[in-house]
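Colleague: Hi, I'm new to this, so please walk me through the model.
Modeller: Happy to, here it is.
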Amino acid sequence: MKSCPSRFSLLFVFLTVFAVSFAQVRKKTSINAHWVFYKGSLETPKIPEVNTAVVNLPHTWNARDVLADGKRGYYRGDGWYFKEIRITPNNEKKYFLNFEGANQLAVLYVNGREVGTHKGGYSAFTFEVTGFLKQGQNTLAVKVNNAHHPDIPPLSADFTFFGGIYRDAFLIETGNVHINLLDYGSKGFFVSTPTIGNETATVKIKGSLTNQASASHTVALLAEIRDRTGEVVARQRTRLRLKEETIPFELSLQLQDPRLWSPDTPYLYTMELALEKNGTIVDEAWSNFGVRTFRFDADSGFFLNGKPLKLIGANRHQDYQGLGNALADDIHRNDLRLIKEMGGNFVRLAHYPQDPAVLEEADRLGLLVWEETPLVNEVTVSEAHDDTSEIMLREMIRQHYNHPSIILWGYMNEIYWAHRFLDEAVVNRHTEATLRLSKRLEAIAREEDPTRYTAMALHNYPLYETSGIAEIPQVVGWNLYHGWYYDTFEDFGKFLDAQHKKYPNRIHVISEFGAGSDPRLHSENPERFDFTMEGHKALLESYLEQIMARPFVAGATVWNLIDFSSERRVDTKPHLNQKGLLTADRRPKDPFFRFQANLLDRPFVKIAETNHTHRTTVGDSTKNTIDVYSNQEKISLFLNDVKVATQKVNAYKTSFKVVLKTGNNVVEARSENTADRLEIQNKIVPKTFKKNEPVAVAVAVNVGSNHSFYDMTGDMTWVADKPYEDQSWGHVGGKPLYVGKKIGTKEDIQTIEAFTPLYQTMREDIAAYRFDVPDGWYEVALLFVEPYPKSRRFVEGIESPEHPGGIRVFDVFINEEPLLQDLDLIQAYGYNYPLRKKTIVKAVGDKGVLVSLNAVKGKTVLSAIAIRSLH
């Protein structure tokens with residue numbers, strides 16, 4: 001028979017718990033406000049007298065010069081931050097400065113003295129500053145540098161390397177005996193659940209304690225687990241003797257009737273630690289954690305808590321339009337909620353560790369996480385580079401170890417991407433160095449955390465197989481873009497099947513798949529790499545079907561959740577990677593709704609034309625496509641309160657053909673359980689003209705293009721090109737420009753973003769553009785640009801040193817009258833500088849308007865044309 005505790009002992013326990021729970025000994029306060037910022041180099045850490053600005057953290061100095069200044073390149077160099085703080089140091093206290101992120105080389109000074117340096121822009125770091133402080137005012141100075149550094153990954157990447165202290169910063173005050181705060185920027189203790197049963201779970205805590213007092217001390221370490229209601233459900237207490245040293249500790253607790261963490265029920269416990277010295281609490285810390293089991297299987301995919309679970313979600317970059325990467329925590333959290341809203345259960349944090357708010361929200365929402373270090377594209381063959389890579393990996397794992405959402409530690413992304421640019425003499429050396437580093441990092445990851453899997457993301461490149469690097473991680477991630485950069489949609493599934501057959505014991509995750517899109521571009525017949533919304537929808541529809549049909553594919557993350565900053569990009573929106581399911585300011589693109597239809601449990605219907613609500617139809621009887629995404633069996637479509645048809649849903653989609661009237665059109669999609677409604681504004685431009693029948697003409701054409709372009713600033717749609725027909729309009733002769741197998745050129749057109757796509761597609765060797773309009777006065781606008789950069793002209797033999805100047809010279813006539821003679825776009829305007837020429841012309845004698853282009857040298861070219869009547 002067990003003895004009952006006395007009332008006195010119960011009271012003692014209660015008071016002890018009360019003291020541990022409510023006495024706040026460690027103080028952690030943000031120091032984000034009112035820093036003095038200076039962009040440039042300084043000889044000493046002193047505030048300059050000129051060219052400074054007061055800023056608040058998070059802050060980046062690249063918020064505007066990447067997207068808003070219209071120039072190529074952005075500042076990569078030194079930036080200085082200064083702040084005055086008032087402290088009265090206490091001999092019984094220790095003081096630390098914690099920075100959650102500064103990109104990418106940071107040097108901390110306190111009162112003019114250098115405290116330390118941190119390499120790497122994506123992990124937190126902590127410095128003790130106790131010995132640098134004085135009574136009263138103390139001056140903090142942080143020099144940050146985001147310039148390329150051969151020993152600091154990433155060396156190159158398809159994202160912007162924003163500079164600055166772009167995450168929160170804190171002052172931490174604690175006792176001189178404390179949980180170790182200098183353990184790779186971590187909390188100093190790590191929670192795991194090595195055994196989990198139906199009735200009990202073993203919870204293990206390991207970490208280290210530091211005694212910075214002048215004498216040895218015996219301390220008591222109390223660990224408590226609290227459930228979601230705050231009730232203590234497990235407790236363990238141990239005593240340790242500390243000299244002036246840092247020593248490890250380890251505790252084990254038994255948790256009764258554990259609640260499991262999962263995407264559907266993301267149950268979190270809280271681990272609280274309190275450190276007592278001489279009966280007084282001198283330090284305390286806490287961390288949420290979850291109880292769950294998981295495993296991967298090469299044939300059957302992923303299992304969570306013993307049940308199969310297909311991992312589907314998105315990659316996520318950490319910038320926002322107009323803010324760079326200096327985001328408030330609410331933006332981080334909202335991005336995770338958007339993945340949850342689309343039905344996702346998985347997120348890959350690409351390509352670097354992200355803000356603590358991201359991991360905390362993933363824990364709360366039930367999103368499983370692949371997190372990785374920023375080793376992207378290539379390595380430097382140096383010991384310093386490899387040492388930095390190792391530190392980055394240890395920082396990531398230790399800082400985020402306690403998050404139940406994390407299941408994969410990644411450490412390389414497309415690491416052979418830059419091999420194609422290497423001299424043949426050094427390729428093998430780089431391959432060997434990369435292989436050696438990957439083995440080193442793999443061993444470290446497994447040593448640091450044997451409870452999770454390791455991962456590496458590969459692109460479609462044979463060297464991953466021939467070098468053997470694909471055999472090193474436990475999970476292989478594939479970054480695949482069949483049907484976008486190469487091949488066809490169907491080749492994606494063929495590639496996966498071949499991989500599974502060749503490597504039956506390999507675990508496969510699709511770490512990236514996607515296509516670029518621009519909500520302004522639309523086509524009834526999309527082509528590869530045309531950036532139309534319809535092309536984006538078609539690719540993701542196909543990929544999702546193929547992924548879901550293959551049980552051996554454990555999961556997939558679409559590239560990307562958002563359109564994100566990539567300064568070197570020259571797609572239809574300069575400086576952006578446009579593969580997002582949402583725009584840079586978080587407006588959904590229509591493919592987002594395909595994921596919802598596929599993944600949500602509740603009845604779902606969505607008219608997937610939200611990016612195409614301003615249309616221009618050629619001819620009054622032309623049919624428009626209306627796509628509907630749904631998880632329902634049948635959908636009925638109504639247009640302006642008139643039923644169009646009822647159709648079955650196949651693969652979460654059904655498409656209708658409708659004729660839109662001029663003006664506002666109300667489209668409704670209905671199932672038995674739910675419905676959706678969308679308004680579409682439509683204009684109609686004539687497809688044919690009748691002689692002697694005056695009509696208002698306003699036709700704008702995206703010449704040489706399969707798609708229309710909507711200029712939202714002027715509410716004008718430039719319709720897709722078409723060949724000339726009698727009594728109509730269109731091009732005569734020529735071919736659309738293709739670069740390789742991709743329509744148009746994605747070169748960096750020197751124009752405002754609003755018109756970039758108009759100049760990127762064009763028709764070469766065009767003889768004429770004809771409009772059989774009625775007699776009258778018209779304004780005609782012609783748009784030109786030279787699509788070939790000088791380097792490409794020489795490489796392709798279009799131009800030679802013996803024949804300098806433009807690669808094309810041509811004349812332009814309107815109704816046989818000269819408009820432009822000996823037009824040499826290169827000589828007159830320069831490569832990628834557009835020409836927009838307007839003129840007034842009178843159509844007479846039922847001859848309409850004929851724009852003729854006659855080549856003098858090379859081929860003619862025309863990007864766009866517009867005509868409007870003035871009568």
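Colleague: At what angle do helix 7 and helix 8 pack, and how far apart are their axes?
Modeller: This is a predicted model, where local features need pLDDT of at least 70, side-chain atom pairs count only at pLDDT 80 or more, and totals for chains, interfaces and linings use all residues. Residues are numbered from 1 along each chain as its sequence is written, and side-chain values use heavy atoms, with hydrogens and water left out. As for your pair, helix 7 (residues 489-502) and helix 8 (residues 533-548) pack at about 25°, and their axes are 9 Å apart. That makes helix 7 roughly parallel to helix 8 (angles under 35 degrees count as that). Axes are lines fitted to C-alpha atoms over the stretch in contact, and angles run from 0 to 180 degrees between N-to-C directions.

Colleague: And what about helix 4 and helix 5, how do they pack?
Modeller: Helix 4 covers residues 383-400 and helix 5 covers residues 424-448; their angle is about 25° and their axes lie 10 Å apart. Helix 4 is therefore roughly parallel to helix 5. By the way, helices (H or I, at least four residues) and strands (E, at least two) are DSSP runs, numbered from the N terminus.

Colleague: Switching to sheets: in what order do the strands of the 7-stranded one come?
Modeller: The order is 29-42-43-41-56-50-53 in an open sheet, and the pairing is mixed. Two strands pair if DSSP finds at least two bridges between them.

Colleague: Which strands stand at the edges there?
Modeller: Strand 29 (521-522) and strand 53 (835-843) do. Each has a single partner strand, so one side of each is left without a neighbour in the sheet.

Colleague: How many bridges join strand 50 to strand 53?
Modeller: There are 9, and the two strands run antiparallel, with strand 50 spanning residues 776-784. To find one of the bridges, look for F784, whose partner in strand 53 is L835.

Colleague: Now the sheet of 3 strands, what does its pairing look like?
Modeller: That open sheet has the order 45-48-55, with antiparallel pairing. Strand 45 (735-736) and strand 55 (861-862) are the edge strands, each pairing on one side only.

Colleague: How many bridges are there between strand 45 and strand 48?
Modeller: Strand 45 pairs with strand 48 (residues 763-764) over 2 bridges, in the antiparallel sense. The bridge partner of K735 in strand 48 is E764.

Colleague: New topic, the backbone: which residues does a cis peptide bond with omega of about 0° join?
Modeller: L57 and P58 are joined that way. To find P58, go to the loop between strand 3 (52-55) and strand 4 (78-87).

Colleague: And what is omega for the cis peptide bond between W559 and N560?
Modeller: Omega is about 10° for that bond. N560 sits in the loop that links strand 30 (553-558) with strand 31 (564-565).

Colleague: One more: is the phi of Y184 positive or negative?
Modeller: Positive, with phi near 55° in a residue other than glycine.

Colleague: Where does Y184 lie?
Modeller: Look in the loop between strand 11 (177-179) and strand 12 (189-196), and you will find Y184 there.

Note on methods: Parallel < 35°, antiparallel > 145°, perpendicular 65-115°, else oblique.
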